[in-house]
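Dear colleague,

Here is the structure I said I would pass on. My notes on it follow below.

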Amino acid sequence: MTHPAEDTADPDAGTADGSTLGAHSSGLGPERRSGLTAAEVAERVTRGQVNDVPARSSRSLREIVRANVFTRFNAIIGVMFAIILVVGPLQDGLFGLVIVANTAIGIVQELRAKKTLDSLALIGEAKPQVRRDGTAQQVSVSTIVLDDTVLLGIGDKVIVDGRVTEAEGLEIDESLLTGEPDPVLKQLGDEVMSGSFVVAGAGAFTAVKVGREAYAAQLAEEASRFTLVKSELRTGIDSILKFITYLLIPTAIGLIVSQLAVEGHDWREAVRRMVAGIVPMVPEGLVLLTSVAFAIGVVRLGRKQCLVQELPAIEGLARVDTVCLDKTGTLTEGGMDLVELRPLSSSEPGEPGDADRTDTDGHLRPDAPLAGRLLADRLFLQQALGAMGGADSRPNPSMQAVIDAFGDTSSTADGEWRVLEAMPFSSARKWSGVQLLEPQGTEASWLLGAPDVLLPAGHPALAEVDELGVQGLRVLLLGRTAVPLDDPDPAGRLQPLALVVLRQRLREDAAATLRYFESQRVEAKVISGDSAVSVGAVAAHLGLPGADRPLDARTLPTDPEALADTADRTTVFGRVTPQQKRDLVGAMQSRGRTVAMTGDGVNDVLALKDADIGVAMGSGSEATRAVAQIVLLNDSFATLPSVVAEGRRVIGNIERVATLFLVKTVYSVLLALLVVFTQVPYPFLPRHSTVLSSLTIGIPAFFLALAPNNERARTGFVRRVLRLAVPGGVIAGTATFTAYMLARADHATDLKADTSVATLTLFLVAIWVLAIVARPYTWWRLTLIGTMCGAFALVLTVPWLSNFFQLSLVGLRDPLTGVAIAVLAGLLLEVVWRVVVRGMGEPGSRDPAA
């Protein structure tokens, strides 16, 4: 709290930024309160005393290149490529060029994503206010210098470390740094740490640590913001790849030994076939396509002004089954309009009636009781509200609506409204207050806040408040008391004087977005600090199911199990404190829900931090943007369905392509083991593996990974993928080896003909797997499958292509046998897909987008 009245004799008492913080508040002289001069700022910049820590929203160029080039599987493929360069011919090294192309695609797509992220992060960057040369200036975070005077208001994040020089009920939440949930009331001289944020009051501090010396910057050095969200997709793929690595080593060693033993007379041929057996075991494109799918998702969302601060958050929101919405700023726009100032008509017992308050001309008598004057003179109430608005240096939307309606009536002149003390709004106490010296010379505290908090239960005015709330209007109570603001309970003896009726502006897109979530079986819950009746009315107007039964959070149980039960069956919560928002999110998570929380104010920060996915509005407080994984820079709630759809596209499609890659890995390992045990030449050369992988996996997977897919994400990624990949790979490998051995029995000396039959059989089985994974069919998916079949037909029939790939089908019996075996294998795949996998919900079995 401050006492501007004590400084009224000082011509410099008002700050240039329009705040009510005077010299008494800061304890500093006018020259210091004016902030640094331009020359002093330039001097500190020259000395390097500037806040130059870059805000990272994505990986650096070096990290992107290193992540895409220096991978475990690139190392394996690179060694194999180097071996082929030694033994030749060059066409057996085509797989190396594919790896180069894949890596280049991955780098380019991530760089596109980085450019999008960095440009959006710049748009969404906070612009703190500093006082320089006596005026408030909005500057970028990176231009704050040592000893700058940084101004603070509700919702502002403390950018650098400093010491408080001005304080007006300044309460700072340091929970993100210390874990302590309760805000800390800051006094003059107290330290503030970067990374904390203001939850109540206003003030200013002098920067004492900037750049990498600041506390938050030191934390940022230790933990990257790039991948903090848990990603089941990436975790599952990492587990699969780790298992494959362990399986690959002994299999590759056995294959090397067997091929050298079988092809002892031609070690070059043995090496080539050994390489051909090892390369297909590596699902190199799986990691690439996962990164590309995420990167393209970032670019797509970036075009819609959606900043994804952590890439796996795209996946996380797709898995969400519960969305918790804050009414203000999410379902409603930030602005409000004052609809009515409604004086309360009841009089205290024993007070004179209206006839006793006026003289013969109808004017208020000077000796009329103040309560009578207030009730009879609406203008007096408007002036009081204007004085309260003038005392608030950082008004919230409700107070801004009051200021817009009645202006600033505070003054330092005698006979006018003078502000003595001010207590800004706090979401914990639900009211703001100003101690005023009134025009008639009396001192009184005026409070403006929630009627159900300021009035006792059963007060007649509450029925009127409920009637207005049912209409979706927001109602505040204006009251007056002789109790000073620094009393432990200034609202204890409050005399209610009027209701301030406000209307919130509903977002045009809110109703359609809620309907989308309902259609996608995502439950929406409204959790607001506003009154339950008012919140329920807004939610009902938007058509939210269950909005007719709003719950006042002050009646919430404290027992965790009971709270979880209540959270499950209730849709709309009102009068929720910041800690209760956090508790409700935790209660829903305890029941196995995946929870997303949206919000724009500091009262949402704790819940945003604990939710599985936090979504902040771009115009909201910087504190919410700092802890959220997704920021809607255009403040459009309607962008959320796009984020959900993008996540579902990534997850559903990666499941599809993961199945293709792992089928290849399984049949490659099986073929290698069968070759080792039977001591025969490996069926393929590297060029055969390249054409098979490209036509049945690589090219189709790229298109499938980027296709629309609105299927709801589910847990159990690894299990679902392996239930088709393992039997599919075993069937493909068995069918191929059977056809190969039958061909060898027919003409054991013509290895080229045997390889051609095996290649034909494996292509047909692999394309059948592709046809299963690509379901349900659309015109472009059928075209994709047909194009791959046509390309393989060209390889077999065009002379220079068949010579290049060393493919030659001899006679009819062996090729037809291979086709028959492939058909039987395909039918067996259908049985596996329908009986074993479909009941588990495999990728592609349901796809509403198709």
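**Notes on the model**

The buried residues of helix 21 are Ala-532, Ser-534, Val-535, Gly-536, Ala-537, Val-538 and Ala-539. That makes seven of the ten residues in this helix, which spans 532–541. Just past its end, Gly-543 has a positive phi of about 80°. Please keep in mind that this is a predicted model.

Salt bridges come next; the structure has 24 of them. One joins Arg-342 to Glu-464, with 3.0 Å between the closest N and O atoms. This pair connects distant parts of the chain, 122 residues apart: Arg-342 belongs to strand 10 (332–343) and Glu-464 to helix 19 (460–470). Arg-342 is partly exposed at 23% relative accessibility, and Glu-464 is partly exposed at 26%.

Two others sit within single helices. In helix 26 (640–678), Arg-649 and Glu-646 are three residues apart, about one turn; their side chains form a salt bridge at 2.5 Å, N to O, and both residues are buried. In helix 32 (813–837), Arg-834 and Glu-830 are four residues apart, again about one turn, and their N to O distance is 3.9 Å. Here Arg-834 is partly exposed at 48%, whereas Glu-830 is buried at 13%. Elsewhere, salt bridges with shared partners tie Glu-523, Lys-525, Glu-561, Asp-565, Asp-568, Arg-591 and Arg-593 into one network.

Last, Thr-755 in helix 29 (751–773). With 1% relative accessibility, Thr-755 counts as buried. A polar atom of its side chain is 2.7 Å from the backbone oxygen of Pro-683. Beyond its sequence neighbours up to four places away, Thr-755 touches Arg-273, Pro-683, Phe-684, His-688 and Tyr-740.

Regards

Key: Residues numbered from 1 in each chain as written. Predicted model: local features only at pLDDT ≥ 70, side-chain atom pairs only at ≥ 80, totals over all residues. Heavy atoms only, no water. Buried < 20%, exposed > 50% of the residue type's maximum accessible area, 1.4 Å probe, protein only. Polar contact = N/O pair within 3.5 Å; in protein donor to acceptor, adjacent residues only side chain to side chain. Contact = heavy atoms within 4.5 Å. Salt bridge = Lys/Arg side-chain N within 4 Å of Asp/Glu carboxyl O.
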